[in-house]
Amino acid sequence: MSTRRKFLKVLGGGVIVAAAGGGAFLATRRPTKALAPWEQAAGYDDPVKRALAHALLAPNPHNRQPWLVDLGVENQVTVLRDETRELPMTDPFNRQIFIGMGCFLENMVIAASQTGHAVELDILPEGENGPVAVARFSRGASEDPLARQILHRHSAKEDYTEAPVEPEKAEALSAYVRVITRPDEVQALRELTWRALEVELMTERTLQESIDLSRIGKREINANPDGIEMREPHLDALYSLGLLTREMMADTSGAGMRGVLNRLKAACFATPAHTVLVTDGNTRRDQIEAGRVWMRYSLAVTGLGLGTQPMSQALQEFPEMSEHYAQAHATLAKPGQTVQMLARLGYGSAAIPTPRWPLETRIMNG
Ligand SMILES: Cc1cc2nc3c(=O)[nH]c(=O)nc-3n(C[C@H](O)[C@H](O)[C@H](O)COP(=O)(O)O)c2cc1C
């Protein structure tokens with residue numbers, strides 16, 4: 001019997017997931033194929049491929065995974081941007097995409113240290129329109145302690161507990177970002193991140209961008225292991241029954257959207273601290289370097305047993321966001337500076353891995 005028919009039968013009985021069958025259904029709904037790159041990363045013998053298989057586990061906006069690598073020259077990686085993987089509505093100038101590229105580069109460098117390889121990075125060797133970087137591997141590095149966190153780092157998108165971020169941990173993270181724990185400042189940022197999120201979700205074309213990038217249920221996630229994964233078994237079930245559709249998701253006045261907003265609002269407010277990364281300039285190089293710092297910060301957060309989630313909406317450069325963008329910059333930066341990243345920080349339930357395209361699909365001339 002097809003899954004759909006089984007469900008219809010269960011629905012006919014008035015229960016969506018019967019207790020006895022539910023566990024088995026949940027277990028079979030894990031998008032195992034899409035998550036395989038997390039398990040495979042450490043299995044590569046070739047040190048360059050091993051480093052790249054770790055690099056692609058980097059955080060990146062909307063999980064677009066905007067990277068490609070050319071392995072045409074031995075011991076060298078040319079890192080390119082896949083220009084089909086952009087976010088024209090929410091990231092019209094590709095600022096976030098370049099931050100994601102910086103995260104990829106840094107994760108590669110950190111992972112390479114585990115096999116004793118140093119990586120010399122030539123960033124934007126042909127200017128802004130050429131490769132993002134050329135990386136040359138050579139022997140002679142010792143292991144970066146952050147490397148051990150790569151396979152354990154995940155964005156923590158749930159509510160955080162009320163436990164404060166201890167001053168010594170905030171101090172440790174201050175090596176990378178500004179950590180905000182003062183209650184009045186935290187409260188103002190909870191409100192700002194929430195208001196900005198509401199604008200992104202209630203603006204038709206930015207919402208549609210997210211809907212188009214949504215992968216609903218195991219089958220879609222495995223087929224396109226990127227974007228915004230909706231893996232919750234009940235959503236998978238409703239979707240396969242036709243009781244959840246993309247049209248419903250686009251209805252900003254519907255009950256579904258109210259539920260989503262309430263859940264996201266709760267998370268914005270269940271936040272004991274925030275972190276901010278500001279740069280003086282805003283060139284492509286500045287954005288890439290910001291990404292490299294953000295990668296180190298993210299791994300350090302994992303190492304401290306904390307969780308973090310970027311909250312980028314107030315930093316987005318589309319017209320409807322301009323008020324929140326201005327407020328973020330007025331409160332977090334000096335005139336002329338750019339806030340590259342703003343995030344929640346705290347203790348939450350264990351975050352889970354998100355899908356990735358396998359390394360082999362990202363390689364050219366390899
Ligand atoms: C530049 C940048 C911006 C991001 N903005 C957001 C955001 O606004 N909201 C969010 O939930 N996650 C955001 N993220 C996190 C990504 O959604 C996340 O890294 C991606 O889905 C992969 O998941 P993972 O970090 O758990 O591996 C951002 C990440 C980067 C690098």
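## Exercises on helix packing, domains and the ligand shell

The structure is a predicted model, in which local features need pLDDT of at least 70 and side-chain atom pairs count only at pLDDT 80 or more, while totals for chains, interfaces and linings use all residues. Residues are numbered from 1 along each chain as its sequence is written.

**Exercise 1.** Describe how helix 7 packs with helix 14.

Solution. Begin with the helices, which are DSSP runs (H or I, at least four residues; strands are E, at least two) numbered from the N terminus. The axes of helix 7 (residues 183-202) and helix 14 (residues 322-332) come within 10 Å and cross at roughly 155 degrees; axes are lines fitted to C-alpha atoms over the stretch in contact, and angles run from 0 to 180 degrees between N-to-C directions. The two helices are therefore roughly antiparallel (over 145 degrees; under 35 is roughly parallel, 65 to 115 roughly perpendicular, the rest oblique). Next, list the contacts (C-beta atoms, placed from the backbone, within 7 Å): Ala-188, Leu-192, Arg-195, Ala-196 and Val-199 in helix 7 meet His-324, Gln-327, Ala-328 and Thr-331 in helix 14.

**Exercise 2.** Describe the packing of helix 7 with helix 12.

Solution. Helix 12 (residues 255-269) packs on helix 7 at about 155 degrees, with the axes 8 Å apart, and this pair is therefore also roughly antiparallel. The crossing is right-handed. From helix 7, Arg-190, Thr-193, Trp-194, Leu-197, Glu-198 and Leu-201 meet Leu-261, Leu-264, Lys-265, Cys-268 and Phe-269 of helix 12.

**Exercise 3.** Which domains supply the shell around the ligand, and which element gives the largest share?

Solution. The domain assignment (automatic or from a database) gives domain 1 (3-30), domain 2 (34-152 + 353-364) and domain 3 (167-346). In contact across the boundary are 37 residues of domain 2 and 34 residues of domain 3, and helix 5 gives the most to the domain 2 side, with 11 residues. Turning to the ligand, 18 residues surround it, the closest being Pro-59, Asn-63, Ser-155, Pro-310 and Ser-312, where a residue counts if its C-beta atom, placed from the backbone, lies within 6 Å. The shell draws at least three residues from each of domain 2 and domain 3, and its largest share, four residues, comes from helix 5.

Notes
Two residues are in contact if their C-beta atoms, placed from the backbone, lie within 7 Å. A crossing is left-handed if the near helix is turned anticlockwise from the far one by less than a right angle, and right-handed if clockwise.
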